Structures are given as structure tokens and as C-alpha cells.
Amino acid sequence: MATTDAAAVGGEKRSIDAVDLFSRFAPLIFLLLLVAVMSILEPGFRTERNLFNVLRQVSIIGILAIGMTFVILTAGIDLSVGSMLAFAGIVCASVAKGTRDLLVGGVTDPGGSRVLLAALAAIGLGMLIGAFQGTLIARIGIPAFIVTLGGLTAWRGATLLWSNGQPISSFSDDFTFWGQGFLGPVPVPVVFFLVLVAIGQVVLKYTQYGRWIYALGGNPEAARLSGLNTVLLGASVYVISGFCAGLAGFLQTSRLNSAEQVAGQGFELNAIAAVVIGGTSLFGGQGGVIGTFIGAMLIGVLQNALVIRNVNPYVQPIVVGAIIILSVLFDQLAKQRRR
Amino acid sequence: MTLRESDTLREPVLRASGVTKHFGPVRALHDVSIEVFAGEVVALIGDNGAGKSTLVNVLTGVLTHDAGEMVFDGRAVRFSSPHEARSLGIETVYQDLAIAPHLDAVANIFLGREYVRPGLAGTLGFLDSERMERETKSQLGRLRVRVPNLGRRLVTLSGGQRQGVAVARAVMWASKIVFMDEPTAALGVAQTAMVLDLIRQVRDTGIPVVFISHNMPNVFEVADRVVVLRLGEVVAHLDPRTASIDDAVSAMTGSVRRVAAGEGATVG
């Protein structure tokens with residue numbers, strides 16, 4: 001690393017790399033481009049209603065993706081979020097209904113404060129599972145991929161076991177409001193999604209905790225030598241992910257008016273896709289929730305656009321897959337240029 | 001700089017005696033004793049595997065030793081973590097720098113010791129970025145360290161610039177002693193000169209610097225005292241004003257034991 005710099009330690013001239021710049025803003029540029037093209041081609045795309053439609057479609061996976069962003073920033077992964085969502089959903093449905101008699105046959109829950117209790121049960125369960133998985137990962141040292149892969153299977157099994165494979169359906173208006181209702185023109189799940197994006201961004205950029213997450217993900221050894229509690233820190237992101245999965249489980253159950261055993265199946269991969277497209281590095285230390293928001297929106301708008309344009313729905317996953325690879329490709333190109 | 005005759009009158013800042021460390025069957029350190037006095041630069045030299053880094057790691061709390069005693073600032077200590085050593089004013093520049101690559105210089109300098117805003121915002125952990133930046137600038141100005149682009153992520157800086165941040169961080173926080181493991185190994189000529197200058201400046205404020213180096217001209221340029229390790233033992237104490245580089249190399253490799261007291265060296 002011998003430099004020809006004669007001034008002092010440092011003092012190299014700053015160069016703005018076009019590839020580097022492009023790779024950072026590629027998802028946003030692509031999103032804006034897509035929106036612009038669709039707005040011209042399809043008048044129906046531009047409506048407020050369609051915008052909220054897209055937002056509502058991405059909100060559940062978006063919420064999962066926010067928790068996932070924290071996890072991936074520490075170079076971890078959480079494959080269990082889809083299964084946690086289902087388990088939290090079925091548990092919260094049971095809590096809402098309260099007694100065994102209500103679980104079958106379309107009798108609704110009592111509503112009122114019982115709904116709050118159900119929501120807290122879902123979130124609490126998610127955080128508890130997150131704490132358990134986080135402890136195995138950060139304290140015992142089992143790879144995150146293994147622990148949460150186990151979780152992916154186990155919590156799905158727990159969901160099936162809980163109600164013997166039967167869905168729990170039909171809830172009060174109080175309950176379904178959270179998934180189906182509106183605050184003004186904005187669907188309630190979208191409000192949760194946007195608020196969580198804002199909180200996530202503030203926490204990551206402006207608080208000590210956020211800074212430590214980046215330090216831990218970028219160089220765990222440096223974090224440890226700087227006196228950070230890397231075990232607690234490393235486990236905490238799985239609690240955040242569990243919180244998001246629990247909340248998503250409640251919202252999904254409310255939205256579908258039913259807690260299904262297959263709820264959230266494959267959502268973990270969509271959440272990871274949103275995070276990766278949004279520019280958060282799987283190696284940790286780099287990225288953020290604004291990027292994840294853009295990544296989730298990009299997937300949502302793309303799916304919406306393909307539907308409106310009447311493209312064969314089987315093409316959608318192929319396009320999303322291509323975008324995942326492209327977004328990381330740009331990042332790699334930028335890195336190679338930097339060396 | 002160091003007045004030898006006054007050593008007996010002064011208490012060392014750090015005194016380690018009889019330090020022994022094994023890694024399984026491998027003997028990394030055997031009965032090593034070292035004293036560090038205020039206002040001196042001590043160079044630790046030795047061949048690969050001589051135990052230099054292990055010794056520094058023990059003295060800075062990264063490793064715990066199997067046997068031996070450490071007296072720091074007049075008190076017997078046994079560090080169980082690097083954090084404990086840091087909280088007592090012992091700072092270290094590690095060989096691999098131990099920086100967070102995706103954070104900027106200010107964030108790295110304050111990592112683990114961030115200032116938070118006053119009041120409720122602080123309780124919630126909100127950072128006082130302006131205060132940290134202001135303090136970084138004034139401290140670095142005082143030490144005459146130039147770190148350009150304080151706001152840039154370190155991953156976008158050159159190796160030399162990153163080294164500058166790591167050294168600046170240690171120097172800024174050290175109140176008792178600074179350890180540096182190969183601080184100039186990755187640097188060019190100008191940057192090396194700057195780090196050596198910095199070592200002198202720190203020493204002149206009374207804070208001793210202990211550094212590991214393979215670069216003999218560097219060692220002889222800046223050190224007040226040279227401690228030679230070989231196969232986990234201290235084999236010589238050299239005075240760079242009278243000893244030669246050949247003496248140092250001989251002691252390191254153990255080839256010819258012609259290093260003798262009276263020639264400015266004492267064979268241990």
C-alpha cells in the first residue's frame with residue numbers, strides 16, 4: 001500500500017467514480033424509470049388508488065424486510081421470518097378468539113381490547129423466538145443460516161401442530177381493521193410499513209445502537225476491541241426481526257380474515273430480495289432501510305406493472321430474479337473498480 | 001530523552017514481571033519482564049514468532065497470561081478484556097488496525113465511546129455528531145495529525161489513511177500508555193515519517209509509547225530503548241544511542257552473542 005502521497009497520512013485526491021455512484025443509486029433510478037414509463041403507457045397506473053394498492057401489496061413483506069435489513073447488516077440472515085409470521089398469526093388468532101369453541105365455525109372474536117392482546121401476543125411471540133434464535137447464533141456461535149433454516153421448518157411445524165392443520169378464520173371488524181382498514185386514504189398496513197421504515201432509518205443513522213450495528217457487521221473484531229457487547233448486539237437484531245415477523249403475522253391474519261398454515265410461505269426469500277436489491281451487502285456493515293424500502297417498492301411496482309400490462313404471471317419471478325442478480329452485479333463492478 | 005539514572009527514582013507506568021503464556025503445548029512467552037516509564041519510547045523487536053504480539057496482547061488485555069504479575073500505575077492489575085485496559089488509559093493500534101470499514105473516521109475514533117445528546121434524546125441513544133466531529137478536529141489539530149475527509153467511510157480511503165485514523169484514535173484517547181503493533185508496516189516513506197513524528201509527539205506529552213517493528217532504521221530513529229525478544233524470552237536490552245543495528249539483529253537471531261554490557265547493551 002505504498003502511495004506516492006507526499007503530504008501526510010492521507011491527502012489523496014478524491015475521485016468520484018461514475019460506476020460507484022450508479023451502483024448506489026441503481027435501484028432508485030430503475031424504480032423511477034419504471035414508474036415514468038408506466039405512467040406514460042398506462043393512465044390507470046398513475047392513480048392514487050393504484051399507488052396504495054402497490055404499497056399494500058408490499059407492506060407485509062416490506063415489514064419483514066426491515067427486520068431482515070438489521071440482521072443482514074450484521075452479516076447474518078433470518079430464513080425463519082415466513083414461518084414465524086405463520087406461527088405468530090395462528091397464535092394471535094387463538095388469543096383473539098379466546099375460547100376453544102370459537103376456534104372452529106365462523107364465530108367471530110369479541111373485538112375491543114382483545115384485539116390489542118392478540119397483537120401483543122403475536123409480537124411478543126416473534127420477539128421471544130427471535131431472542132432464542134439470536135442467542136443460539138450470537139452466544140453459542142451456530143451459523144445464522146443453520147439456526148434460522150431450522151426455524152423455517154420448526155415454526156411452520158409448530159403452526160400446523162397448534163391448530164391441528166386447521167386454519168382459524170372469521171374475526172370481528174375491530175380485528176380485521178388492522179389489515180383491511182384505512183387511515184384516510186392510506187391502508188393501515190402501509191402506515192405500519194412507512195412508520196417502521198422511518199424508525200429504522202432514524203435508529204440506524206442517528207443512534208449509538210445503529211452505529212454499533214454497522215461496526216459489528218463491518219468488522220466484528222474491531223467492535224469487540226472497542227468494548228462493544230457483540231453477543232448482545234448480535235442477538236438483538238434477531239429480536240428486531242422477530243418483532244417485525246410477529247407484527248406481520250398479526251397484520252396478515254387480519255388482512256386475510258384468517259390465520260392460515262401456509263401464510264408467509266416463501267416470504268423470507270422475498271424479504272431478502274428486497275434487502276439485497278436495496279443495496280444492503282450480505283457481508284454486513286453496508287446498507288440501510290431506505291434502500292430496502294426502494295427494493296421492496298421496485299419488486300412491488302414491477303409485479304404491478306407486469307399485471308397491468310397483461311404479461312404472463314409466470315414471467316414475474318424470472319424478472320425479479322434477474323433484478324436481484326443485476327443489482328448485486330453493479331455492486332461488484334463498483335468494488336472491482338475501487339481496487 | 002530518557003534519563004537512565006532517574007529510572008530508579010521513578011515508578012514505571014507499567015511493570016510486568018515473569019509473564020508466561022502458553023498456547024497448548026507452544027510456549028509463546030517465558031518469564032518475560034518489562035518496564036515502561038513515562039515519557040519514553042520502547043521498541044519491541046524480534047524475529048517472527050518471538051512473542052512480540054503475544055506480549056502486547058497480554059499487556060493490553062486481549063490475552064490473559066498464565067503466570068506473572070502486572071503493576072499498572074502503582075496497582076496490581078489483571079486485565080480480563082481490552083475494554084478494561086482501555087478504560088484505564090491504555091490504547092492500542094492493532095496490526096490489522098481493527099477499524100470498522102463502513103464507518104467514517106469520526107465514528108471509528110468514537111466507536112464504543114460515542115457522545116449522545118443531552119436529555120431524553122441522549123437516553124434514547126441519539127448521537128451528538130457535531131460534538132464528536134468538533135472534538136475530533138481539535139484533538140487532531142493539537143496532535144498535528146491530518147486526516148482528510150473525516151466524513152468519508154474508511155473503505156474508500158487508502159491503507160495509509162486508514163492507518164492514520166487508527167493511530168489518531170489511539171493517540172487521542174490514551175492517557176497512560178500507547179501500544180502499536182507494526183504501525184508503519186503498511187506505509188510509504190512519507191507516511192512512516194509522519195507516524196514516527198506522532199510517536200515522538202506523544203512521548204513528549206509524557207505518555208510512553210511501546211511499539212513493535214521489523215524496520216530497524218525506524219526503531220533506531222525513534223526508540224529510547226530497545227527490548228529484544230527471541231523464542232518468547234527477553235534476550236537483550238539495547239540502547240539505540242550506542243548499539244548498532246547489527247547488535248540488534250544478532251540478538252534477534254541469536255547468532256553471535258557479542259552484544260555485551262559496556263557496548264551499550266545488556267544481555268538478559
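## Close-up views of a two-chain model

**Contacts and overall build of chain B.** Of the contacts in chain B with a separation of 6 or more, 66% are between residues 24 or more positions apart; two residues are in contact if their C-beta atoms, placed from the backbone, lie within 7 Å. The model is predicted, so that local features need pLDDT of at least 70 and side-chain atom pairs count only at pLDDT 80 or more, whereas totals for chains, interfaces and linings use all residues. Residues are numbered from 1 along each chain as its sequence is written, while chains are lettered from A and ligands numbered from 1 in the order in which they are written. Chain B holds nine helices and eleven strands; helices (H or I, at least four residues) and strands (E, at least two) are DSSP runs, numbered from the N terminus. Its C-alpha trace spans about 65 × 40 × 40 Å along the principal axes. Of the 268 residues of chain B, 47% count as buried. A residue is buried if 20 or more other C-beta atoms lie within 10 Å of its own, exposed if 12 or fewer, and partly exposed in between, with C-beta atoms placed from the backbone.

**The open sheet of chain B.** Four strands of chain B are arranged in the order S2-S1-S4-S5, with antiparallel pairing; two strands pair if DSSP finds at least two bridges between them. Strands S2 (26–36) and S5 (75–77) of chain B stand at the edges, each with a single partner strand, so one side of each has no neighbour in the sheet. On average, neighbouring strands of this sheet are turned by 25 degrees against each other, direction ignored. Strands of a sheet pair through backbone hydrogen bonds, either parallel or antiparallel.

Strand S1 (residues 14–23) of chain B and S2(B) run antiparallel and are joined by seven bridges. Two residues lie between the strands of this hairpin, and Gly24(B) in the turn has a positive phi of about 60 degrees. Val19(B) has Val32(B) in S2(B) as its bridge partner, and His22(B) stands opposite Arg27(B) in S2(B). Helix H1 (residues 52–59) of chain B lies across S1 and S2 of chain B, at about 120 degrees to S1(B). Axes are lines fitted to C-alpha atoms, for helices over the stretch in contact, and angles run from 0 to 180 degrees between N-to-C directions.

Although Asp31(B) is not a glycine, its phi is positive, at about 50 degrees. Asp31(B) is placed in strand S2 of chain B; with 13 C-beta neighbours inside 10 Å, Asp31(B) counts as partly exposed. Asp73(B), likewise a residue other than glycine, has a positive phi near 55 degrees. Asp73(B) is found in the loop between strand S4 (67–72) and S5 of chain B, and its 14 C-beta neighbours inside 10 Å make Asp73(B) partly exposed.

Chain A has 14 helices and four strands. Of its 339 residues, 50% count as buried. Helix H9 (residues 208–218) of chain A packs on helix H11 (residues 230–256) of chain A at an angle of about 100 degrees, their axes being 10 Å apart. H9(A) is therefore roughly perpendicular to H11(A); angles under 35 degrees count as roughly parallel, over 145 as roughly antiparallel, 65 to 115 as roughly perpendicular and the rest as oblique. From H9(A), Trp212(A), Ile213(A) and Leu216(A) meet Thr230(A), Leu233(A), Gly234(A) and Val237(A) in H11(A). The residues of this contact comprise five nonpolar, two polar and no charged. Ala, Val, Leu, Ile, Met, Phe, Trp, Tyr, Cys and Pro count as nonpolar, Asp, Glu, Lys and Arg as charged, and the others, Gly among them, as polar.

**The side of chain A that touches chain B.** In this view, 29 residues of chain A are in contact with 35 residues of chain B. H9 and helix H10 (220–225) of chain A are the elements that give two or more residues to the side of chain A that touches chain B. H9(A) supplies the largest share of that side, six residues. The residues of the side of chain A that touches chain B divide into 13 nonpolar, eleven polar and five charged.
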